[in-house]
Amino acid sequence: MAGLKLKNIIKRYDNGFEAVKDFNLNIEDREFIVFVGPSGCGKSTTLRMIAGLEEISEGELYIGDRIVNDVAPKDRNIAMVFQNYALYPHMTVYDNMAFALKIRKVAKDEIDKKVKAAAAILDIGHLLDRKPKALSGGQRQRVAMGRAIVRSPEVFLMDEPLSNLDAKLRGQMRIEIAKLYHELNTTFIYVTHDQTEAMTLGTRIVVMKDGIIQQVDSPREIYENPQNIFVAGFIGMPQMNFLDASIVEKNGKVLVNVLGKDIELSAEKQSVLKESGYIGKEVILGIRPENIKCIINNVTPEGNTVFKSKIEVYENLGAETYLHIEENKKQIQIKTATVDNAPTSGDIEYMFDLNKVYLFDKDTEETIFNKK
């Protein structure tokens, strides 16, 4: 097994465009690392450089203690699962899974043993005699993973392997990949634009934008302590609400003025705002939809600032309800449990969970609290 080290990696094309910029990351042995970000952020390009399918323009790539910049893909002891499965249509499932081993001149009985063991792990033993055209999308994806497993690689690379599946099957395959990771106990590097896959699969998440790493952390830390507006808005469903705000000082207290009213954060956060010179400045306030509480039956906790807005759209999703409201031309989403019986139309009163309010610098877009 092996860890990886990416040191000052740059991918620059002939026209001068840099798809990946100064990428630095240490991946420990047996980690499940997820690269996540919007289309064009450089995540697949980075994965392909690790695989050896893209040339590294600058920087150094290590697998274990070996620098592999100039090592051919077949000699890196990695296996890659592609988005489009990349199965040979004229071969059976068995032959697709065995192909790489046959090329390596592995003994026939050893090939048979490895293929059948991988098929058992993936529950595709009954499909070994079929050809890809006779398989469903989920079955083809299992075959593609099986083909990688039989090689016993040091590192598994997966490039958006579930994007061609429907929502239900994606959920099932996500569980299968998690089981596979724990069973094989090796290093996984997984690329996706789907934050649900990133949050549920990764031991650490690498959030990327425009070829630059925005934050590397555990799923929980990424969610609870985003380091900038991009990460805060990208991770979380529905997306975090962002509102213009300003910092004011009244009667010895440092307050956040938002939607025309003042809210009072903790003494510790007031101190950070004052010491950092934010009094009199504009900032961006972030609050997740699930951290906005609807006031039902006029029950308001003491000390909280209450806002009132009109419900524009009401969405009942079964256990959860989304309320879309507008205040001062700002769209705000509230996520609440359906059993809370929030109103479906008209005006609604609500308040922020003051322990879950985020503030970001308006110029740098970086977090003001909990910086790393």
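Colleague: Is Lys253 buried, partly exposed or exposed?

Modeller: Buried means under 20% relative accessible area, exposed over 50%, and partly exposed in between (1.4 Å probe, protein chains only). At 39% relative accessibility, Lys253 counts as partly exposed. Bear in mind that this is a predicted model, where local features need pLDDT of at least 70, side-chain atom pairs count only at pLDDT 80 or more, and totals for chains, interfaces and linings use all residues. Residues are numbered from 1 along each chain as its sequence is written, and side-chain values use heavy atoms, leaving out hydrogens and water.

Colleague: Which residue forms a salt bridge with Lys253?

Modeller: Side chains of opposite charge can pair when their charged atoms come close. The cut-off here is a side-chain nitrogen of Lys or Arg within 4 Å of a carboxyl oxygen of Asp or Glu. Lys253 pairs with Glu264, the closest N and O atoms being 3.4 Å apart. Glu264 sits in the loop between β13 (261-263) and α9 (267-275), Lys253 in strand β12 (residues 253-258), eleven residues apart. Those labels are DSSP runs numbered from the N terminus: helices (H or I, at least four residues) and strands (E, at least two). Glu264 is partly exposed too, at 37%.

Colleague: How many salt bridges does the structure hold?

Modeller: It holds 19. One of them joins Glu54 and Lys11 (3.4 Å, N to O). Glu54 is in the loop between α1 (43-51) and β4 (58-63), and Lys11 is in strand β1 (residues 4-12), 43 residues apart. Lys11 is buried, at 7% relative accessible area.
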